[in-house]
Amino acid sequence: MRCSDRRRGAIGLRIVALLAGALILAMTAHAERIKDLVSIQGMRDNQLIGYGLVVGLDNSGDQTTQTPFTVQSVISMLSQLGVNVPASVGSTMQLKNVAAVMVTAALPAFAATGQTIDVTVSSLGNAKSLRGGTLLMTPLKGADGQVYAMAQGSVAVGGAGASANGSKVQINSLSTGRIPAGATVERAVSSPLGQGQYIELESNDTDFTTVAKIVAAINAKIGAGTAAAVDGRVVRVVAPVDANARVAFLADVENIEVTPGAGAAKIILNARTGSIVMNQNVTVDACAVAHGGLAVIVATEPVISQPGPLSSGTTVQAERSDIVVQQEKGSLIMVPAGVSLAEVVKALNALGATPQDLVAILQAMKAAGALHAELEII
């Protein structure tokens with residue numbers, strides 16, 4: 001009996017250890033680093049924009065009769081280079097290998113002078129393709145009107161296309177391209193990261209539970225009183241004043257793992273494509289749903305009217321349309337209550353409705369109080 005008791009005790013301890021290990025794994029399975037949940041205030045990108053010209057196109061540039069600003073830009077550029085174009089010549093220029101474009105880029109935080117960034121080039125006129133073109137030197141300005149970067153280089157277009165005798169084949173867009181490392185930073189943007197005693201961490205989503213867990217994790221790792229919540233999105237952290245110590249401190253804080261709070265139940269509906277995406281917090285109550293389809297069929301056929309004999313009349317062609325309205329019978333289906341995402345999906349699949357029908361069904365279920373989720377239509 002004693003041996004059996006010992007074996008049972010050993011087996012029980014193993015089971016408890018396994019359950020404890022499974023519990024620990026379950027608790028840490030969804031843990032995320034703080035750097036994936038927040039952004040540091042002051043570390044942000046700055047959008048840049050500029051207007052330029054792409055040259056070297058193979059007869060796929062702007063039609064200057066419909067885009068006069070392209071000709072004006074070429075004349076202005078040539079005048080700056082010492083080439084004077086008479087007005088009579090400028091009005092008749094046909095520049096099929098030139099396209100006016102808008103150049104956009106994102107200036108990352110702490111970007112220094114001389115650093116290169118990627119730029120996106122998009123056609124502004126009616127150019128057919130930017131493939132093979134070269135962007136001329138284009139100043140990129142920020143929201144304050146100051147020039148922060150200069151862009152230039154060969155445009156890489158991911159699309160492809162061909163046309164002949166009225167037939168045309170095209171893959172992806174030919175009017176947009178990118179220039180990797182195509183802009184050089186000419187002016188740096190100052191950052192307030194190294195100023196003051198505090199650093200504020202901004203959560204990606206407004207969630208009091210996640211903010212509270214971030215504060216608790218930082219205080220447990222670094223020390224009590226290091227972090228404090230400002231509101232449901234911002235955490236204020238006491239950081240070292242020395243630059244080296246501050247960078248090392250932020251590196252430690254970023255790698256602290258936190259299990260974020262469960263977000264609000266939400267369903268995203270795309271009314272254009274019928275796409276439906278829902279998170280794991282969506283639940284439904286038991287309800288009955290009936291949904292029938294309505295189809296309208298319009299058929300048109302030509303009718304020939306012949307004139308009478310010896311009437312000197314003409315044959316007249318008319319059209320006759322038949323309109324038929326068909327309504328499918330909608331059966332009443334009981335949707336059981338679901339407390340998990342798998343049960344909700346199974347219940348909705350039981351309806352046998354198309355994604356477009358589910359958009360209307362989910363809206364009706366929300367209005368009836370049977371659907372516990374926020375509906376967002378994009």
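Visitor: Which element has the lowest mean pLDDT, and which has the highest?

Guide: Helix α1 (residues 2-29) has the lowest mean pLDDT of the elements, at 42. Strand β7 (residues 147-154) has the highest, at 96. Two terms first. pLDDT is the predictor's confidence in each residue, from 0 to 100. Helices (H or I, at least four residues) and strands (E, at least two) are DSSP runs, numbered from the N terminus.

This is a predicted model: local features need pLDDT of at least 70, side-chain atom pairs count only at pLDDT 80 or more, and totals for chains, interfaces and linings use all residues. Residues are numbered from 1 along each chain as its sequence is written, and side-chain values use heavy atoms, leaving out hydrogens and water.

Stay with the start of the chain. Over residues 6-29, pLDDT remains under 50. For that stretch the model has 1 contact beyond four places in sequence. Contact means heavy atoms within 4.5 Å. Where pLDDT is low, the predicted coordinates should not be read in detail. For the protein as a whole, mean pLDDT is 79, and 74% of residues reach 70 or more.

Move along to strand β3 (residues 46-55), where Leu53 is found. Leu53 counts as buried because its relative accessibility is 7%. Buried means under 20% relative accessible area, exposed means over 50%, and partly exposed lies in between (1.4 Å probe, protein chains only). Beyond four places in sequence, the contacts of Leu53 include Thr70, Val74, Met77, Val98, Val101 and Leu135. The C-alpha atoms of Leu53 and Gln152 are 9.8 Å apart, although 99 residues separate the two along the chain.

Now the charged pairs. The structure holds 5 salt bridges. A salt bridge is a side-chain nitrogen of Lys or Arg within 4 Å of a carboxyl oxygen of Asp or Glu. One of them joins Lys35 to Glu254, with 3.9 Å between the closest N and O atoms. Lys35 lies in helix α2 (residues 34-37) and Glu254 in helix α6 (residues 243-254), so this pair ties together parts 219 residues apart in sequence. Lys35 is partly exposed, at 37% relative accessibility. Glu254 is partly exposed too, at 25%.

Another salt bridge joins Arg178 and Asp118, at 3.4 Å from N to O. It links distant parts of the chain, with Arg178 in strand β10 (residues 176-185) and Asp118 in strand β5 (residues 116-123), 60 residues apart.

Arg236 and Glu200 form one as well, at 3.0 Å from N to O. Again distant parts are linked: Arg236 is in strand β13 (residues 234-238), Glu200 in strand β11 (residues 198-203), and they are 36 residues apart. Arg236 is partly exposed, at 35% relative accessible area. Glu200 is buried, because its relative accessibility is 17%.

Helix α5 (residues 208-221) has 14 residues. From first C-alpha to last, α5 reaches 20 Å, close to the 20 Å expected. The expected span is 1.5 Å times one less than the number of residues. The buried residues of α5 include Val211, Ile214, Val215 and Ile218. An α-helix has 3.6 residues a turn, so residues three or four places apart point the same way. Just after α5, Gly223 takes a positive phi of about 155°.
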